[in-house]
Amino acid sequence: MIQITPSIKSTVKRALAEDLGHGDITTDSLISSDIRGMGMVVAKAAGIIAGLEVALEVFRHISPAMESQVLIADGLQVAPGDVVAEIEGSTAVILKGERVALNFLQRLSGIATETSRYVKAVQGTKARIVDTRKTVPGLRELEKYAVRVGGGHNHRYNLADGILIKDNHIAAL
């Protein structure tokens with residue numbers, strides 16, 4: 001399970017600010033903030049779950065009163081129709097956070113699932129699946145976590161993690 005660090009909280013906050021803008025005018029116009037509801041996170045395809053706690057943090061960021069229950073933890077295989085988690089609380093909060101939460105969950109689960117496929121393909125050999133720094137800006141911590149969930153390994157987190165002389169360095173010399 002991923003630790004929700006200050007940088008992940010900041011990433012969630014930025015993602016919500018981007019999506020909500022000045023507010024969800026549709027939800028605010030139609031749904032009273034005191035109406036309670038329950039939402040389920042349901043797998044649409046087979047794969048490896050990754051980033052569930054990040055997705056749930058989206059709802060907690062909007063309202064700390066939101067309750068959630070993880071039913072299938074990160075790193076586990078899911079099939080279409082599997083209920084991965086349940087969220088309970090303000091229906092308005094569920095509606096405001098659902099797209100951002102699903103974007104995190106889908107992206108990270110996709111990375112974990114694809115990594116897992118490569119890991120299985122080299123099983124029984126001495127090869128290891130290792131990531132790169134080619135990540136979406138601002139999502140490196142999350143994407144590298146998803147690689148680990150899928151059974152892969154992290155290479156360098158940033159340029160300070162080791163010397164790696166590449167063609168561009170040689171050309172510049």
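The largest nonpolar core has 38 residues, and those with the most contacts inside it are Val-54, Val-84, Phe-104 and Leu-142; such a core is a set of buried Ala, Val, Leu, Ile, Met, Phe, Trp, Tyr and Cys residues joined through side-chain atoms within 4.5 Å, where buried means under 20% relative accessible area, exposed over 50%, and partly exposed in between (1.4 Å probe, protein chains only). H1, H3, E5, H4 and H5 are the elements that give two or more residues to this core, and H4 gives the most, with nine residues. Helices (H or I, at least four residues) and strands (E, at least two) are DSSP runs, numbered from the N terminus. The model is predicted, and local features need pLDDT of at least 70, side-chain atom pairs count only at pLDDT 80 or more, and totals for chains, interfaces and linings use all residues. Residues are numbered from 1 along each chain as its sequence is written, and side-chain values use heavy atoms, with hydrogens and water left out.

Thr-11, placed in helix H1, counts as buried at 9% relative accessibility, and, leaving aside its neighbours within four places in sequence, Thr-11 is in contact with Phe-104, Gly-138, Leu-139 and Leu-142.

Helix H3 has eight of its eleven residues buried, so it is largely enclosed by the rest of the structure. The buried residues in question are Leu-52, Glu-53, Val-54, Ala-55, Leu-56, Glu-57, Val-58 and Phe-59, and they pack against H1, strand E3 (67-70), E5, H4 and H5.

In helix H5 lies Glu-143, a charged residue that counts as buried at 5% relative accessibility. Its side chain is joined to that of Arg-107 by a polar contact of 2.6 Å, the term denoting a pair of N or O atoms within 3.5 Å, of which, within protein, one must be able to donate a hydrogen and the other to accept it, while residues adjacent in sequence count only if both atoms are side-chain atoms. Not counting residues up to four places away in sequence, Glu-143 touches Arg-107, Leu-108, Ile-111, Thr-135 and Val-136.

What, then, lines the second largest pocket? Among its lining residues are Glu-143, Arg-107, Leu-139 and Leu-142, and the elements that give two or more residues to this lining are helix H1 (6-20), H4 and helix H5 (140-149). H4 gives the most, with six residues, and by class the lining divides into six nonpolar, one polar and five charged. About 200 Å³ of space lies in this pocket, a pocket being, on a 1 Å grid over the protein atoms alone, an open set of points where a 1.4 Å probe fits, with protein on both sides within 12 Å along at least five of seven lines, and lining residues having an atom within 4 Å of a point.

The largest pocket holds about 500 Å³ of space, and of the 25 residues that line it, the closest to its centre are Val-41, Val-42, Leu-102, Leu-105 and Gln-106. H4 again gives the most to the lining, with nine residues, and the lining has 17 nonpolar, six polar and two charged residues.

Technical notes
Grid points are joined across faces, edges and corners, and a volume is the space filled by probe spheres set on the points. Contact means heavy atoms within 4.5 Å.
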